[in-house]
Every structure is written in structure tokens, then in C-alpha cells.
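Thanks for coming, everyone. Let's have the structure up on the screen, and I'll talk you through it.

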Amino acid sequence: MRIAPETLALRNAIRTTLLAAFPTSLEADLVDRLREAGDIEIGLVSIEEAAVIGYIAFSRLDAPIKALGLGPVAVVPERQRGGVGSALIRAGLEHAKAAGWQAVFVLGYPAYYHRFGFETDTATGFSSPYAGPYFMATSLSNESLRAKSGRVAYPPAFDGLEEQE
């Protein structure tokens with residue numbers, strides 16, 4: 001398995017992976033809208049034997065710090081729970097840190113995302129339509145985010161998703 005940046009040639013395979021990984025087209029459609037708007041800063045694929053088996057996107061956020069939003073992360077069903085998603089998250093966080101991003105926010109299950117450094121307490125000072133027990137953040141710099149606050153806005157492609165899920 002290797003992890004690489006997404007390319008134009010892989011877009012159909014990425015959409016197929018997203019459709020296989022989730023019960024509806026919501027996430028695949030979200031990625032299409034984010035891509036069309038130019039809001040994906042980091043898009044990575046996991047490839048095995050020339051097939052895309054996983055995908056992760058990080059989109060630019062409107063925040064008081066230089067921040068990205070993680071999601072979606074998708075792995076084809078037959079490879080789920082085998083470390084593909086974890087490898088994509090770790091690689092994405094490394095890319096983000098190397099590119100000078102200060103923080104990453106995610107909406108997800110704390111029990112899963114804690115292993116990557118995401119904490120609900122870290123996101124507590126930030127307002128967002130997604131604020132709550134599943135809204136987490138991690139700092140990519142030596143500076144703590146706990147004393148930070150402000151509004152975190154996701155790209156327009158996310159508008160209305162909280163009502164659809």
C-alpha cells in the first residue's frame with residue numbers, strides 16, 4: 001500500500017471509493033463540491049495494486065488561525081479496520097504540518113480520533129455549527145489551541161450537512 005496525492009486521473013476511482021465506503025452519496029457529492037470550489041488543500045489516496053482503496057480530504061477553514069478541516073476519510077469496505085484510514089490520517093496530518101498549517105479540526109468519534117491527537121477540549125473555545133461532543137481539534141505547532149477562540153467556518157460545500165446526516 002502506498003499513499004500519494006490525489007490526481008485528476010484518480011477522481012473517478014476516488015468517487016467510487018467514497019460511494020463504496022458510505023451508505024449514501026453525501027460524502028462523494030461533498031468532495032465533488034469542495035473540489036469544484038477549490039477548497040481541498042490536501043487530498044490523499046491509498047493505493048494498492050493500482051486500485052484506490054482509501055481517500056482523505058482536508059479543506060481550508062475560515063478561522064482565526066491557519067486551520068484545515070479533516071474529512072471525509074473513506075476506505076473501501078473490504079479494507080476497513082485494517083489501518084488504511086489511520087495511515088491516511090497520519091500522512092495527511094504530516095502533509096498539513098509540513099505545509100505550515102497550525103491546526104486541524106474534525107467532526108467524528110472521540111474514541112477513534114484521540115489516537116491522532118484530536119481532543120474535544122482543544123476545540124471548546126471555537127464556535128461552529130458542528131460544536132459539541134464530536135467536534136475536535138489538534139494543534140500542528142508547538143502552540144496550544146486551548147487558549148484560542150473564535151469562529152471556525154467550513155467551506156460552503158458543507159452548508160446544510162448537519163441536517164442531512
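**Aromatic pairs, pocket and cores**

The structure holds 9 aromatic pairs. Rings of Phe, Tyr and Trp (its six-membered ring) pair if their centres lie within 6.5 Å; planes under 30 degrees apart count as stacked, over 60 as edge-to-face and the rest as tilted.

Before I go on, a word on the source. This is a predicted model, where local features need pLDDT of at least 70 and side-chain atom pairs count only at pLDDT 80 or more, while totals for chains, interfaces and linings use all residues. Residues are numbered from 1 along each chain as its sequence is written, and side-chain values use heavy atoms, with hydrogens and water left out.

Back to the rings. Tyrosine 109 and tyrosine 134 pair edge-to-face, 5.8 Å centre to centre, with 80 degrees between the planes. What does this pair tie together? Tyrosine 109 sits in the loop between S5 and H4, and tyrosine 134 in the loop between strand S6 (126-127) and S7, so the pair ties together parts that are 25 residues apart in sequence. Those labels come from DSSP runs: helices (H or I, at least four residues) and strands (E, at least two), numbered from the N terminus.

Tyrosine 134 is partly exposed, at 42% relative accessible area. The cut-offs are these: buried means under 20% relative accessible area, exposed over 50%, and partly exposed in between (1.4 Å probe, protein chains only).

Next pair. Tyrosine 130 and tyrosine 154 are also edge-to-face, 5.1 Å centre to centre and 75 degrees between the planes. Tyrosine 130 lies in the loop between S6 and S7, and tyrosine 154 in the loop between strand S8 (150-151) and H6, so this pair ties together parts that are 24 residues apart in sequence. Both tyrosine 130 and tyrosine 154 are buried. Elsewhere, Tyr112, Tyr113, Phe116 and Phe118 form one aromatic cluster.

Now the cores. A nonpolar core is a set of buried Ala, Val, Leu, Ile, Met, Phe, Trp, Tyr and Cys residues joined through side-chain atoms within 4.5 Å. In soluble globular proteins, nonpolar side chains tend to be buried together. Here the largest nonpolar core has 30 residues, and Tyr55, Phe105 and Tyr154 have the most contacts inside it. Elements giving two or more residues to this core include helix H1 (11-21), strand S2 (40-48) and strand S3 (51-60). H2 gives the largest share of this core, 4 residues. A second, separate core has 24 residues, including Tyr113 and Phe118.

Let's look at H2. H2 has 12 residues. From first C-alpha to last, H2 reaches 17 Å, close to the 16 Å expected at 1.5 Å a residue. That expected span is 1.5 Å times one less than the number of residues. Buried residues in H2 include Leu26, Leu30, Leu34 and Arg35. After H2 comes glycine 38, with a positive phi near 75 degrees.

On to the pocket. How much space lies in the largest pocket? About 1,200 Å³. A pocket is found on a 1 Å grid over the protein atoms alone: it is an open set of points with protein on both sides within 12 Å along at least five of seven lines, and lining residues have an atom within 4 Å of a point. The largest pocket is lined by 34 residues, and Phe22, Val73, Leu107, Gly108 and Tyr113 lie nearest its centre. S4 gives the most to this lining, with 6 residues.

S4 also carries proline 72. The peptide bond from glycine 71 to proline 72 is cis, with omega near 0 degrees.

Last, the loop between S2 and S3. Most residues other than glycine have a negative phi, and most peptide bonds are trans. Glutamate 49 is in that loop, and its phi is positive, near 50 degrees. Alanine 50 is in the loop between S2 and S3 as well, with a positive phi near 70 degrees. Glutamate 49 counts as exposed at 79% relative accessibility. Alanine 50 counts as exposed at 81%.

That's the tour. Questions, please.

Definitions and conventions. On a 1 Å grid over the protein atoms alone, a cavity is a set of points where a 1.4 Å probe fits but cannot get out, and a pocket is an open set with protein on both sides within 12 Å along at least five of seven lines; lining residues have an atom within 4 Å of a point. Grid points are joined across faces, edges and corners, and a volume is the space filled by probe spheres set on the points.
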